[in-house]
Amino acid sequence: MSLDLLKKSLKEDKIVYGFKTALKNLKSGKVSKIFLAKNCPQELRDEVKKYSNIEIIELKEPNKELALICKKKFSVNLLSAVKNK
């Protein structure tokens, strides 16, 4: 189910890749959802949860498989869906 939600977000939302940008957007309230790879490092998970009051979706797919789904040439541990205004 969460993979379907990710695919829907890839089509409909503005997706931001990377921890630093996601955290910056999270602090300013611009993020609607966060997707975490199965093997995302625990310190990243903890930091995101610390600042998050939104939906965090923990995927069953590891970061390299997530990169293939997102059509990226780099591993993807975390991606965030930015709110449309």
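This is a predicted model: local features need pLDDT of at least 70, side-chain atom pairs count only at pLDDT 80 or more; totals for chains, interfaces and linings use all residues.
Local features here need pLDDT of at least 70, side-chain atom pairs count only at pLDDT 80 or more, and totals for chains, interfaces and linings use all residues. Residues are numbered from 1 along each chain as its sequence is written, and side-chain values use heavy atoms, leaving out hydrogens and water.

**The chain.** Four helices and four strands make up the secondary structure. Helices (H or I, at least four residues) and strands (E, at least two) are DSSP runs, numbered from the N terminus. Along the sequence the pattern reads α-β-α-β-α-β-α-β. The C-alpha atoms fill a box of roughly 30 × 30 × 25 Å along the principal axes. Of the 85 residues, 39% count as buried (under 20% relative accessible area, 1.4 Å probe, protein chains only).

**Two helices.** Helix H2 packs against helix H3 at an angle of about 15°, and their axes lie 10 Å apart. Axes are lines fitted to C-alpha atoms over the stretch in contact, and angles run from 0 to 180 degrees between N-to-C directions. H2 and H3 are therefore roughly parallel (angles under 35 degrees). Which residues of H2 and H3 meet? The table lists them, with contact meaning heavy atoms within 4.5 Å.

| Helix | Span | Residues in contact |
|---|---|---|
| H2 | residues 19–27 | Phe-19, Leu-23, Leu-26, Lys-27 |
| H3 | residues 42–51 | Leu-44, Glu-47, Val-48, Tyr-51 |

The residues of this contact between H2 and H3 divide into six nonpolar, no polar and two charged. Ala, Val, Leu, Ile, Met, Phe, Trp, Tyr, Cys and Pro count as nonpolar, Asp, Glu, Lys and Arg as charged, and the others, Gly among them, as polar.

Technical notes:
Angles under 35 degrees count as roughly parallel, over 145 as roughly antiparallel, 65 to 115 as roughly perpendicular and the rest as oblique. Buried means under 20% relative accessible area, exposed over 50%, partly exposed in between (1.4 Å probe, protein chains only).
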